[in-house]
Amino acid sequence: MKNKTKRTLRLWTLPLVAIIALSLFLRYQSSTADQTLAEVPQTTASANPEEQDILDGKTMVAFGDSVTEFGNYPAIIAQNTGMTVHNMGFKGTRLAYHPYSSYDSFSLTKLVDAIVTGDFSEQDVAIQEDRNYSAAFKEHYAQLKTIDFNTVDLVSVLIGTNDYMGNQAGVVPLGDPADNTRETFYGAINYFVQTMQENYPHLELVLITPTWRMNHEDMGGESAAEQPNARENYLIEFVDAIINRGNYYGLPTLDLYRTSGLNEENHDTFFADHVHPNDQGFELIGNTISHFLIDTYNQQ
């Protein structure tokens, strides 16, 4: 009788021990997983390593104005994708012409000519005269002269807010999609894209629109969505010009104006001033661009 009882107890005890052991194991695994997730950087762009690694090892040049010069979004893209990303932001510059020579020499349509010809004499003179350029501005320029674009994989362009809002320097006319002159915004886009494609056909060009912004205080200080510039053009018209040309040339084009989430309602949270994002804003921009690039390359 005692032996039978012992056998019965063993039959019940073994499953119970197994259940308890499994419960403790699962609880440990859950705790470990929670600790691991907490250590993952918030700037990770993709939960799938295979998707995220698709750009690993590539080289990217990020052209732009002060939003790029002041920002760390190129570094965030590098962290998210594994690319080498060169910050080529130049404060105050435009895609098209600029009436001030100190900035015009570094407008993107002037820089692309210098890159293609290897003749940076106009820019060198401006740097030597030290026309109130920041240390980062000079550093970016010195680095630009060393880049061999035959070895570059991607070139992004996040520019246009200074073409739209010229402060006291006037604003760039939108022009027509058929323009090919640096005197209009449409023409400047065409000139830059065509020049890069003709000389570096291997490059992947990526167009990125400006984000929403507030206008300069001396130009009214209202939201760019509600107040036009001196030519009665709204910022979104410049945004749509970039999208139009991107579609025309079949280029990956990111509409940061509509998709970044930056707007008048959260201006105090994500902006340092009327146009420049703060650290939180730049992290948002960097992650948005990273997602876009990873998704674009995974679809190719």
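A: **A helix pair and its surroundings**

Helix α10 (residues 185–199) packs with helix α11 (residues 235–249) at an angle of about 35°, and their axes lie 10 Å apart. Axes are lines fitted to C-alpha atoms, for helices over the stretch in contact, and angles run from 0 to 180 degrees between N-to-C directions. Helices (H or I, at least four residues) and strands (E, at least two) are DSSP runs, numbered from the N terminus.

This is a predicted model: local features need pLDDT of at least 70, side-chain atom pairs count only at pLDDT 80 or more, and totals for chains, interfaces and linings use all residues. Residues are numbered from 1 along each chain as its sequence is written, and side-chain values use heavy atoms, leaving out hydrogens and water.

The crossing of α10 past α11 is right-handed; that is, the near helix is turned clockwise from the far one by less than a right angle. From α10 come Phe185, Tyr186, Ile189, Asn190, Val193, Gln194 and Gln197; from α11 come Phe238, Ala241, Ile242, Asn244, Arg245 and Tyr249. Contact means heavy atoms within 4.5 Å. The contact divides into eight nonpolar, four polar and one charged residue. Here Ala, Val, Leu, Ile, Met, Phe, Trp, Tyr, Cys and Pro count as nonpolar, Asp, Glu, Lys and Arg as charged, and the others, Gly among them, as polar.

Next comes α6. Seven of the 10 residues of α6 (residues 108–117) are buried, so this helix is largely enclosed by the rest of the structure. Buried means under 20% relative accessible area, exposed over 50%, partly exposed in between (1.4 Å probe, protein chains only). The buried residues are Leu108, Thr109, Lys110, Leu111, Val112, Ala114 and Ile115. They pack against β1, α5 (101–104), α7 (121–128), α8, β3 and α10. Just after α6, Gly118 has a positive phi of about 75°.

The open sheet has five strands in the order β2-β1-β3-β4-β5, with parallel pairing. β2 (84–89) and β5 (253–254) stand at the edges, each with a single partner strand, so one side of each is left without a neighbour in the sheet. Strands pair if DSSP finds at least two bridges between them.

β1 (residues 59–64) is joined to β2 by six bridges, with Gly64 partnered by Gly89. Five bridges join β1 to β3, where Met60 stands opposite Leu154. Five bridges also link β3 to β4 (residues 204–208); Ser156 partners Val206.

Asp153 sits in the loop between α8 (135–144) and β3 (154–158). Its relative accessible area is 27%, which makes Asp153 partly exposed. Beyond residues up to four places away in sequence, Asp153 touches Lys58, Thr59, Leu203 and Glu204. Its C-alpha is 8.8 Å from that of Leu205, 52 residues apart along the chain.

Last, confidence. The mean pLDDT (the predictor's confidence in each residue, from 0 to 100) is 84, and 80% of residues reach 70 or more. Over residues 1–50 it is below 50, and this stretch has 19 contacts beyond near neighbours in sequence. Where pLDDT is low, the predicted coordinates should not be read in detail.
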